[in-house]
Amino acid sequence: MRPWPGHAYPLGASYDGAGTNFAIFSEVAERVELCLFAPDGEEERIQLVEVDGFVHHGYLPNVEPGQRYGYRVHGAYDPAKGLRCNPNKLLIDPYAKALDGPVQWDEAVFGYPFGDPDARSDTDSAPFVPKSVVVNPFFDWGTDRSPRIPYHETVIYEAHVKGLTINHPEIPQDLRGTYTGLAHPVMIEHLKNLGITAVELMPVHEFLNDHHLQEKGLSNYWGYNTIAYLAPHHAYAMPGPRPGNQVQEFKAMVRDLHDAGIEVILDVVYNHTAEGNHMGPTLSLRGIDNSAYYRLVDDDPRYYMDYTGTGNSLNVRSPHTLQLIMDSLRYWVTEMHVDGFRFDLASTLAREFYDVDRLSVFFDLVQQDPVISQAKLIAEPWDVGPGGYQVGNFPPLWTEWNGKFRDTVRDFWRGEPGTIGEFASRLTGSSDLYKDDGRRPFASINFVTAHDGFTLADLVSYNEKHNEANLEGGNDGESHNRSWNCGVEGPTDDAAVLDLRARQQRNFLTTLMLSQGVPMLLHGDELGRSQAGNNNVYCQDGPVSWVDWSLATKNAPLLHFTAGVVALRTAHPVFRRRRFFDGRPIRPRRRGGDSLQDIAWFTPAGEEMTEQDWDSGFGKCVTAFLNGDGITEADTRGNRVTDDSFLLCLNAHHEDIDATLPGTEYGSRWAIVVDTAEGEVTTLSTAPGIVAADPRTVDGGAVLTVPARSVLVLQRTEHARA
């Protein structure tokens, strides 16, 4: 087959209805062969003779979607100089939009013979390497459009495509664990009932199961091991009539979630790839242009810089690596219609030399890009390199996983001394981290639990991690979890311990949902899901890591409570302000009212907190007044936002505390709408998701007993008496 010249742009395989254009970058290649594979595995090699700007390209008429292909790159093999070209290794297209099948871990996929990493292996790897697939770009999106939900109205649900649905009894067996299963009406109904506005999917870029894990009988369940940045993972799709069906299925999932008003955010891993360090396989970038795509050690380019703990780091100093990342992001927005991204170990992307630079080229490119800059951009603001912890230091366009929120809230509710001041800062949006650079409270993505660490149920059930099943001798996973088992390690029949654990879960959920910022809920936490104390289930693709949907019945009160407190947040803008509190008096918008601060803090004695009170090491109980008249921002039509006022009475002490409510100038009558001790969420209105009931009421200035380790939320029903 003789190719036409074709075009150097776009990179990858592009089908136009009559044929396919192929284009691949390699500055070190002496020549590049395109390899086409028939269904029976027969290979046809075609040299791409056209080269423009180091992009090798050609157009093949009549090559249609479903065609499997790969590349062989001829060039220098000299690891000491960072050169690892080897035409005996079939290479995955970095711009492949789909892959067919997993890697088979044969010695042939490695660039060296086992036992001699300094030698070159010339064994053909083609039978063992996933094939890239030409895909059909045409899809009926109908009237699909992004919900474009503002950050301050967003509630994120972190989920694993397989783990969320693989055990769901009401989803057909063949759909469980797939993109289609995630968008099944039963699943959408669950998300809507919870009040979720966005699902944040753990990695769905095509990834590989690590060789060393498969040898142990384990697998890379989480998927932070990417090999193709434009391809949806094949194992999450139903079998199709031809290779590449996963693209159409992923698009259908996004369309169905959008129809329900739910955004799709992808957890993306642009900091490293599945090729690992110098002992890893040669599958794609390493054999195409090793030094362009990877950060190599300056004085010994045989080795790779590793800011991720996974063997390599992408070379974001290279324009071609930056182009790959940006093209991938743009593709997922424009062609796959996703709404945002959470960047794994995002500090790695900021490294141009050895430092984390918030103004690195990558962030400049994102800032000026008309497509990517309009998506939700969430950073995991740390990596394992020097100076990698960068919470609060990302550019204004970005939001961040707020690890300090997680740590402080955990410490407060387990009764650690001296945390009340920082707890108040986290509850009010972490202005100490985000206000100075012009960001708003929603720059803080608040979470108590995430995929990495204990689930919510385990957070209150275990003091120590129990990762024996990972076969790493207990060396994996975080050892300082800030958890508390409530008196017994692991499962128990003790009713008092179980009651306390349930209360603590409700405390965490209430704090999360009523804090300023954007709340993120880990999938299954609303059901009380446990991982038996394993805080690092990255390699556990089984019941321990899957959501157990029988808990929806067993732990129905927790599910209902979660939905209720989310609905309370949704119904009241005072819990989701777009601007930080100022602490200044606000002129009331009704006659005869007192001028009150937008927020005020009180001791259990009913007195406003002083500097000495904040510095008290033993303080564990505080009351916050949130002024519904103190919201300064306008709504979408320019009207000033107003809301009811609330009191949050928080008691992390192990005993009940009598708290004097603020005086009647703050409100003469209050209704208790959340009681985490009793597990109740009620409402004064008909807000969806909250049980309508007649809540208990109490007078302003009265003494109210706040049960041990609990939250009471009070809604003002009567203003100050004239």
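1. The model is a predicted one.

2. The second largest pocket has a volume of about 680 Å³. Its lining comprises 27 residues, and Ala457, Gln505, Gly528, Lys554 and Asn555 are the ones nearest its centre. At least two lining residues come from each of helix 12 (456-459), helix 13 (495-514), helix 14 (551-554) and helix 15 (556-571). Helix 13 gives the largest share, with five residues.

3. The neighbours of strand 17 are as follows. Strand 16 (residues 263-268) pairs with strand 17 in the parallel sense over four bridges, and Asp267 has Arg342 as its bridge partner in strand 17. Strand 18 (residues 376-379) also pairs with strand 17 in the parallel sense, over four bridges; here Gly340 stands opposite Lys376 of strand 18.

4. The structure contains 31 salt bridges. One of them joins the side chains of Asp124 and Arg72, at 3.0 Å from N to O. This pair links distant parts of the chain, 52 residues apart: Asp124 lies in the loop between strand 10 (99-100) and strand 11 (131-133), and Arg72 lies in strand 7 (residues 68-75). Asp124 counts as partly exposed because its relative accessibility is 31%, whereas Arg72, at 0% relative accessible area, is buried.

5. Asp699 forms a salt bridge with Arg669, with 2.2 Å between the closest N and O atoms. Asp699 in strand 31 (residues 697-699) and Arg669 in strand 28 (residues 669-675) are 30 residues apart, and the pair links distant parts of the chain. Both residues are partly exposed: Asp699 has a relative accessibility of 34%, and Arg669 has a relative accessible area of 23%.

6. Salt bridges that share partners join Arg31, Glu33, Glu43, Arg45, Arg72 and Asp124 into one network.

7. A further salt bridge is formed by Asp407 and Arg406, whose closest N and O atoms are 2.8 Å apart. Asp407 has a relative accessible area of 18%; since buried means under 20%, Asp407 is classed as buried.

Conventions:
Residues numbered from 1 in each chain as written. Predicted model: local features only at pLDDT ≥ 70, side-chain atom pairs only at ≥ 80, totals over all residues. Heavy atoms only, no water. Pairing = 2+ DSSP bridges. 1 Å grid on protein atoms, 1.4 Å probe; cavity = no way out; pocket = protein on both sides within 12 Å on 5 of 7 lines; lining within 4 Å. Points joined across faces, edges and corners; volume = space filled by probe spheres on them. Salt bridge = Lys/Arg side-chain N within 4 Å of Asp/Glu carboxyl O. Buried < 20%, exposed > 50% of the residue type's maximum accessible area, 1.4 Å probe, protein only.
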